There are 2 protein chains.
Amino acid sequence: MRINAFADVCLRALMLLSASPEGELLTTQAIADGVGTPYNHVSKAVLKLRSLGLVEAVRGRSGGVRLSARGRTTTVGWLLRELDEREDLVECESTEGRSCPLNNNCGLRGALRRAREAFYRELDGIVVSSLPHQSQMEPVFVMLHTRRPELPR
Amino acid sequence: MRINAFADVCLRALMLLSASPEGELLTTQAIADGVGTPYNHVSKAVLKLRSLGLVEAVRGRSGGVRLSARGRTTTVGWLLRELDEREDLVECESTEGRSCPLNNNCGLRGALRRAREAFYRELDGIVVSSLPHQSQMEPVFVMLHTRRPELPR
């Protein structure tokens, strides 16, 4: 079982931005370095986070992105629900349009959906910006040559 | 979010075998047709289900597989836990051995693990053989030209 790679990058980027000192802007390249993910993946993630209102961009030579007020309070559960475009956890309908022969009011699909809801519910209480801590983030910001965060130990 | 394709095939095959009338054997080809999945995928799934003791094979010209007593009582949660070989839901360690820079005692990893546990717990109460019902399975067994199941409506 896994969450998709795009959601993973969005969560990492949001954690890094949460850890960034007040007023600090991070470029997409800095985020990419900070979360160890290729630039083009991070670029798409930042676009998505902007469209969800979780980060704000400042243009110009010393521009970059920072967490928005909404991003400060968003939860892991909310973000994963937003990014989960799959209706089913299994391939009830294949991409070629062929259905699973067991697709008629399938009890497995219902059970998996309820389990997915339990998964998200568990994460609805987890605020992304509450996750980063100092010993996790300080080495990352040292590597990025930016101001160091001040986070709970 | 999704479960892996192999677990999906294993679950479908087990549902089909659960629905099969007492004493009936299904060939791997019949299971493949019944669950709408290529033969070679189903063949690996049947091997795995045998190694887990959930199905029994009968050799010979009119051979095939059937659910074991253990397969009759197994739950979706137990099977998915057995088939989930991933330690993390996200790529904390990439396949090239490079770690996520946020990998040091990461709160996100812990939160996702607890959520995964909530997902499995929800499915620990779901017995696979309780899932199939008549209107779902009858057309499949008609297609397979085998004895029709007698299941709850």
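# Helix packing and the A–B interface

In chain B, α1(B) and α2(B) stand roughly perpendicular to each other, because their axes cross at roughly 105°. The model described here is predicted. The axes of α1(B) and α2(B) come within 10 Å. On the α1(B) side the contact is formed by B:R12, B:A13, B:L16 and B:L17, and on the α2(B) side by B:A30, B:I31, B:G34 and B:V35. By class, these residues comprise 6 nonpolar, 1 polar and 1 charged.

**Chain A: overall arrangement**

Chain A contains 7 helices and 2 strands. Read from the N terminus, its elements follow the order α-α-α-β-β-α-α-α-α. Taken along the principal axes, the C-alpha atoms of chain A fill a box of roughly 55 × 30 × 25 Å.

**Helix pairs in chain A**

In chain A, helix α1 (residues 5–19) packs on helix α2 (residues 28–35) at an angle of about 105°, and their axes are 10 Å apart. This angle makes α1(A) roughly perpendicular to α2(A). From α1(A), the residues A:R12, A:A13, A:L16 and A:L17 meet A:A30, A:I31, A:G34 and A:V35 of α2(A). The contact of α1(A) with α2(A) is made up of 6 nonpolar, 1 polar and 1 charged residues.

A further pair in chain A joins helix α5 (residues 76–83) and helix α6 (residues 107–124), whose axes come within 6 Å and cross at roughly 140°. The two helices, α5(A) and α6(A), are therefore oblique to each other. The residues of α5(A) that take part are A:V76, A:G77, A:W78, A:L80 and A:R81, while α6(A) contributes A:E117, A:F119, A:Y120, A:R121, A:L123 and A:D124. In the contact of α5(A) with α6(A), 6 residues are nonpolar, 1 is polar and 4 are charged.

| Helix pair | Crossing angle | Axes |
|---|---|---|
| α1(B) and α2(B) | roughly 105° | within 10 Å |
| α1(A) and α2(A) | about 105° | 10 Å apart |
| α5(A) and α6(A) | roughly 140° | within 6 Å |

**Salt bridges**

Over all chains, the structure holds 14 salt bridges. One of them pairs A:E138 with A:R148, with 3.5 Å between the closest N and O atoms. Since A:E138 lies in helix α7 (residues 134–144) of chain A and A:R148 in the segment after α7 of chain A, the pair ties together parts that are 10 residues apart in sequence. Between chain B and chain A, by contrast, the count is 0 salt bridges.

**The interface of chain B and chain A**

The size of an interface is often expressed as the accessible area lost when the parts come together. Here, chain B and chain A bury about 4,100 Å² between them, with 66% of it on carbon and sulfur atoms. In chain B, the residues that lose the most area to chain A are B:M1, B:R2 and B:L102, which together account for 21% of what that side buries. In terms of contacts, 45 residues of chain B touch 45 residues of chain A. Polar contact across this interface is found for 6 residue pairs, both residues being at pLDDT 80 or more.

Several helices of chain B supply at least two residues each to the side that touches chain A: α1 (5–19), α2 (28–35), α5 (76–83), α6 (107–124) and α7 (134–144). The largest share of that side, 12 residues, comes from α6(B). By class, the side of chain B that touches chain A has 27 nonpolar, 8 polar and 10 charged residues.

Definitions and conventions. Residues numbered from 1 in each chain as written. Chains lettered and ligands numbered in written order. Predicted model: local features only at pLDDT ≥ 70, side-chain atom pairs only at ≥ 80, totals over all residues. Heavy atoms only, no water. Contact = heavy atoms within 4.5 Å. Buried area = accessible area lost by both parts, 1.4 Å probe. Salt bridge = Lys/Arg side-chain N within 4 Å of Asp/Glu carboxyl O. Polar contact = N/O pair within 3.5 Å; in protein donor to acceptor, adjacent residues only side chain to side chain. Helix = DSSP H or I, 4+ residues; strand = E, 2+ residues; numbered from the N terminus. Nonpolar A, V, L, I, M, F, W, Y, C, P; charged D, E, K, R; others polar. Axes fitted to C-alpha atoms, helices over the stretch in contact; angles between N-to-C directions. Parallel < 35°, antiparallel > 145°, perpendicular 65-115°, else oblique.
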